[in-house]
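Q: I am new to this structure and would like to learn how to read it. Could we go through it feature by feature?

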Amino acid sequence: MTRRRWVHFLPVPDYVYQRLPTTFAGDVEAGFSSNAFDLSSNVSSGDSRAGLDEQGKREVQKIMRSRKVGFDEARRMFTEQRFAKHNIGPDGRPRDPKFVSFS
């Protein structure tokens, strides 16, 4: 069988080839902003930086689409995943048994 005969049977999600925005204005238009994470001040001040982290945006977008959640919830889930990967609890405190904290 040739590839041309079977390639159309492969499930390919629509978002695989979607380009991520490269500016803060593009991030806002793509839905990577909310009341709790407001990028409008960056846009209105003419911030010329590249926008949000590409890898982070890709992961947050993947969570938003796969779990059908909004930007804030996807950002929270992404942050907790990164915390867990680095042995940090959801509350932001290290899980290292040798960790000592003074308050």
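Q: How many salt bridges does a search of the whole structure find?
A: A salt bridge here is a side-chain nitrogen of Lys or Arg within 4 Å of a carboxyl oxygen of Asp or Glu. In this predicted model, the search of the whole structure gives five salt bridges.

Q: Which residue forms a salt bridge with K57, and how far apart are the closest N and O atoms?
A: The partner of K57 is E54, and their closest N and O atoms are 3.5 Å apart. Both residues lie in helix α4, three residues apart, so about one helical turn separates them.

Q: What does E73 form with R76?
A: E73 and R76 form a salt bridge, with the closest N and O atoms 2.4 Å apart. These two residues are three apart in helix α5, which means a separation of about one helical turn. E73 is partly exposed at 32%, and R76 counts as partly exposed at 37% relative accessibility. Through salt bridges that share partners, E73, R76 and E80 are joined into one network.

Q: Where does R93 find its salt-bridge partner?
A: The side chain of R93 meets that of D91, at 2.9 Å from N to O. R93 counts as exposed, because its relative accessibility is 56%.

Q: What is the secondary structure of the protein chain?
A: The chain has five helices and zero strands. Along the sequence this reads α-α-α-α-α.

Q: Which residues make up the largest nonpolar core?
A: A nonpolar core is built from buried residues joined through side-chain atoms. The largest one here has 10 residues: F24, F32, L39, L52, V60, I63, F71, A74, M77 and F78. Helices α4 (54–67) and α5 (71–85) each supply at least two residues of this core, and α5 gives the most, with four residues. Leaving aside neighbours within four places in sequence, I63 is in contact with K68, V69, A74, M77, F78 and Q81. Across the 103 residues of the protein chain, 19% count as buried.

Q: Which residues make the nonpolar surface patch?
A: W6, F9 and L10 make a nonpolar surface patch of about 330 Å². W6 is found in helix α1 (residues 3–6). W6 is partly exposed, with a relative accessible area of 33%.

Key:
Residues are numbered from 1 along each chain as its sequence is written. This is a predicted model: local features need pLDDT of at least 70, side-chain atom pairs count only at pLDDT 80 or more; totals for chains, interfaces and linings use all residues. Side-chain values use heavy atoms; hydrogens and water are left out. Patches are made of residues with over 30% relative accessible area and no salt bridge: like charges are joined within 9 Å, nonpolar side chains (Val, Leu, Ile, Met, Phe, Trp, Tyr) within 5 Å. Accessible areas come from the Shrake-Rupley method with a 1.4 Å probe; for residues, only the protein chains shown count as cover. Buried means under 20% relative accessible area, exposed over 50%, partly exposed in between (1.4 Å probe, protein chains only). A nonpolar core is a set of buried Ala, Val, Leu, Ile, Met, Phe, Trp, Tyr and Cys residues joined through side-chain atoms within 4.5 Å. Contact means heavy atoms within 4.5 Å.
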